[in-house]
Amino acid sequence: MTATEFNKCVDLHSDGVYRFILKNIRDEDKAKDIVQDSFEKMWLKNDIIEFDKCKSYLYTTAYHTMIDLIRRDKKKANWDEVNEYEHTHMPNHYTGVKEIVDQAVSALSDVQRSVILLRDYEGYSYEQISEMTNLTLSQVKVYIFRGRQALKEKLGKFEELL
């Protein structure tokens, strides 16, 4: 098939092939892509396709391209329909590491939580925490140590959270 014959085939059959595909898949953009792909495939084999057979080849190619697209689309997931909580590894449906850490901190005793928050979140020294909480310096250190140990047990390794 020559370039002139190919252009004539495009003029004669592009609208018909487009309508045929559009009726089947009901998506204008996909239909246009399929028609374009079909003409491209026909052009790549223009040396073996006769002009008399171009309509048959074109419709067959468009049909098979459409079927391939439909099969491919069935395997793809639509992100609007995916429930993100089904794919998490934590049972409490968290939205991030901060939420997990906050839950673990809230599970500590009141004294441990207070001294951990003052030391690690607010950055106060042991002496300042001792003055604020009316605890001895050694009590502050013990509560912070035990609170951190409890958090470590509750949270596990940090890499597992990520």
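A crossing of two helices is right-handed if the near helix is turned clockwise from the far one by less than a right angle. In the predicted model described here, this term applies to the passage of helix α1 by helix α3 and also to that of α4 by α7.

The protein chain contains eight helices and zero strands. Read from the N terminus, its elements accordingly follow the order α-α-α-α-α-α-α-α. The chain has 162 residues, of which 27% count as buried. When contacts in the chain between residues at least 6 apart in sequence are considered, 55% of them join residues at least 24 apart.

The pairing of α1 with α3 was examined first. Helix α1 spans residues 3–25 and helix α3 spans residues 54–75; their axes come within 10 Å and cross at roughly 30°. Because angles under 35 degrees count as roughly parallel, α1 is roughly parallel to α3. The crossing of α1 with α3 is right-handed. On the α1 side, the contact comprises Cys9, His13, Gly16, Val17, Phe20, Ile21, Asn24 and Ile25. These residues meet Cys54, Lys55, Leu58, Tyr59, Ala62, Tyr63, Met66 and Ile70 of α3. Sorted by class, the residues in the contact of α1 with α3 are twelve nonpolar, three polar and one charged.

Serine 14 is also located in helix α1. Its side chain reaches the backbone oxygen of valine 10 at a distance of 2.9 Å. With residues up to four places away in sequence left out of the count, serine 14 touches Cys9, Val35 and Phe39.

The passage of α4 by α7 is a right-handed crossing. Helix α4 contributes Ile100, Val101, Ala104 and Val105 to the contact, while α7 contributes Leu151, Lys154 and Leu155. By class, six of the residues in the contact of α4 with α7 are nonpolar, none is polar and one is charged.

Helix α7 also holds lysine 141. With a relative accessibility of 43%, lysine 141 counts as partly exposed, a class that lies between the limits of 20% for buried and 50% for exposed residues. Lysine 141 and tyrosine 126 are 15 residues apart along the chain, and their C-alpha atoms are separated by 7.1 Å.

Serine 130 belongs to helix α6, which covers residues 126–133. The relative accessible area of serine 130 is 14%; because buried means under 20%, this residue is classed as buried. A polar atom of the serine 130 side chain lies 2.5 Å from the backbone oxygen of leucine 135. Leu135 is likewise among the residues that serine 130 touches when those up to four places away in sequence are not counted, together with Thr136, Leu137 and Val140.

Terms used:
Residues numbered from 1 in each chain as written. Predicted model: local features only at pLDDT ≥ 70, side-chain atom pairs only at ≥ 80, totals over all residues. Heavy atoms only, no water. Axes fitted to C-alpha atoms, helices over the stretch in contact; angles between N-to-C directions. Helix = DSSP H or I, 4+ residues; strand = E, 2+ residues; numbered from the N terminus. Parallel < 35°, antiparallel > 145°, perpendicular 65-115°, else oblique. Contact = heavy atoms within 4.5 Å. Nonpolar A, V, L, I, M, F, W, Y, C, P; charged D, E, K, R; others polar. Buried < 20%, exposed > 50% of the residue type's maximum accessible area, 1.4 Å probe, protein only. Polar contact = N/O pair within 3.5 Å; in protein donor to acceptor, adjacent residues only side chain to side chain.
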